[in-house]
Amino acid sequence: MSSPSIGWAGGCGLNASRAIATGRSRRGFTLIEVMVALAVVAMALVAVLPSFGVALRLGDGAEAERIAMLTARSLVDRLAVDADLRPGVREGSVDGGAGWRATIRPVTAAPGWGGGFHPRLAPLSVTLEVLDAAGRPRAALSTILLGRGS
């Protein structure tokens, strides 16, 4: 006659009579097993954690570029409603110590094009750069606006 077994499927484990006789039963994890599992988790974290720092830095840079581009769009819109938009270079500053520079040049007609531009309105090529606090370009935006003709 076999004695009943306790444990995993189909009697894999200790005999019930043996477990009762020794006072031991297999429930839970041993300290060694827990320590090995923690060591494996710690090694995995050590391998993965540096990538989180890189992702955060990339996210900050992308956010700064997005803000610089929105600033450039806003400044170009401001120039578009300027009643006295003429060729030249304009500079200014924005919040946070950053600056901007707009280079405005006349657009010339293509060779062989017989028509001229309206005498009171002239297309102007506008390139606007948003500069960081050190004066380096952070974002640039180019467009064509109508300005005063000759």
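The largest pocket is lined by Ala64, Ile67, Ala68, Thr71, Val94, Asp95, Ala98, Val130, Leu131, Asp132 and Arg138. The model is predicted: local features need pLDDT of at least 70, side-chain atom pairs count only at pLDDT 80 or more, and totals for chains, interfaces and linings use all residues. Residues are numbered from 1 along each chain as its sequence is written, and side-chain values use heavy atoms, without hydrogens and water.

A pocket is an open set of points on a 1 Å grid over the protein atoms alone, where a 1.4 Å probe fits, with protein on both sides within 12 Å along at least five of seven lines; lining residues have an atom within 4 Å of a point. Helix α2 gives four residues, the largest share of the lining. Elements are DSSP runs numbered from the N terminus: helices (H or I, at least four residues) and strands (E, at least two).

Eight of the eleven β3 residues are buried, meaning under 20% relative accessible area with a 1.4 Å probe, protein chains only. β2 and β3 run antiparallel, joined by eight bridges; strands pair if DSSP finds at least two. Leucine 131 in β3 is the bridge partner of glycine 99.

Note on methods. Buried < 20%, exposed > 50% of the residue type's maximum accessible area, 1.4 Å probe, protein only.
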